[in-house]
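Keep the viewer open and follow along.

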Amino acid sequence: MSAHLSGPQRRAAFLDRDGVLNFKHPDLYYVLTPDQLELLPGAAPGLKLLGQAGFRLIVVTNQRAVALGQLTPDQLDAIHAKLRRELARSGVTLDAIYVCPHGKDACACRKPAAGLLLQALHDFPDIDPARSILFGDSPSDLEAARRAGIPAVQMGVNGSLEAAVRVWLRQQDSV
Ligand SMILES: [Mg+2]
Ligand SMILES: [Zn+2]
């Protein structure tokens with residue numbers, strides 16, 4: 001490391017989960033079992049591109065089903081173990097998964113609040129938020145990013161993360 005470099009240097013990609021990494025079923029409100037978690041085809045390739053570009057990979061997800069009593073923390077851990085296992089098959093390792101398990105208006109971490117992102121920036125002080133990026137499929141994702149000072153890309157629900165990443169990386173090259 002050069003001695004004159006100071007402050008955060010690393011870039012991170014923050015990813016919403018449902019509708020960005022895994023299929024958001026129109027008739028299934030929450031993913032409640034590992035079986036219900038189905039990776040979108042563009043998820044692993046998109047994450048791989050970001051990883052190869054040097055980005056930390058951090059998932060930030062609202063899971064209100066926990067507060068509603070539909071999902072236990074253990075079940076959620078099992079779902080995320082499957083997510084990590086499936087991604088590992090493509091050589092992708094997530095740096096962290098941050099979950100808001102709370103109900104509406106009960107905390108400072110449920111997106112659009114910035115709490116999950118601020119916690120990640122606290123835990124990974126090497127991350128430069130202004131040079132990082134968030135990929136989300138809902139306005140609350142984008143609002144959380146805005147509040148944390150992180151640029152964001154809005155994707156369509158169940159859109160291709162790979163396509164969104166390719167477009168965004170090309171834009172970065174041309175700046
Ligand atoms: Mg989503
Ligand atoms: Zn919360």
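## The sheet

Let's begin with strands S1 and S2, which pair in the parallel sense over four bridges; strands here are DSSP runs of E with at least two residues, helices are runs of H or I with at least four, and both are numbered from the N terminus. Two strands count as paired if DSSP finds at least two bridges between them. Within this pairing, alanine 13 has leucine 57 of S2 as its bridge partner. The model is predicted, with local features needing pLDDT of at least 70, side-chain atom pairs counting only at pLDDT 80 or more, and totals for chains, interfaces and linings using all residues. Residues are numbered from 1 along each chain as its sequence is written, while chains are lettered from A and ligands numbered from 1 in the order in which they are written.

The whole open sheet has five strands in the order S3-S2-S1-S4-S5, with parallel pairing. Its edges are S3 (96-100) and S5 (152-154), each pairing on one side only. Neighbouring strands are turned by 20° against each other on average, direction ignored.

Buried means 20 or more other C-beta atoms within 10 Å of the residue's own, exposed means 12 or fewer, and partly exposed lies in between, with C-beta atoms placed from the backbone.

The largest nonpolar core has 44 residues, and those with the most contacts inside it are Ala13, Phe14, Leu15, Leu117, Phe135 and Leu161. Such a core is a set of buried Ala, Val, Leu, Ile, Met, Phe, Trp, Tyr and Cys residues joined through C-beta atoms within 7 Å. Leaving out residues up to four places away in sequence, leucine 117 touches Phe14, Val60, Ala144, Ala145, Ala148 and Ile150; contact means that C-beta atoms, placed from the backbone, lie within 7 Å.

## Helices

Helix H3 (residues 115-123) lies across S1 (12-15), S2 and S3, running at about 145° to S3. Axes are lines fitted to C-alpha atoms, for helices over the stretch in contact, and angles run from 0 to 180 degrees between N-to-C directions.

Helices H1 (residues 43-52) and H5 (residues 161-173) have axes that come within 7 Å and cross at roughly 30°. The two are therefore roughly parallel to each other, the term for angles under 35 degrees. Ala43, Pro45, Gly46, Leu49 and Leu50 of H1 meet Leu161, Glu162, Ala164, Val165, Arg166 and Leu169 of H5.

Most residues other than glycine have a negative phi, and most peptide bonds are trans. A cis peptide bond joins lysine 111 and proline 112, with omega about 25°, and proline 112 is found in the loop between S3 and H3.

Aspartate 105 is in the loop between S3 and H3 and has a positive phi of about 55°. With 7 C-beta neighbours inside 10 Å, aspartate 105 counts as exposed. Asparagine 158, in the loop between S5 and H5, has a positive phi of about 60°. Asparagine 158 is partly exposed, with 17 other C-beta atoms within 10 Å.

Terms used:
Angles under 35 degrees count as roughly parallel, over 145 as roughly antiparallel, 65 to 115 as roughly perpendicular and the rest as oblique. Two residues are in contact if their C-beta atoms, placed from the backbone, lie within 7 Å.
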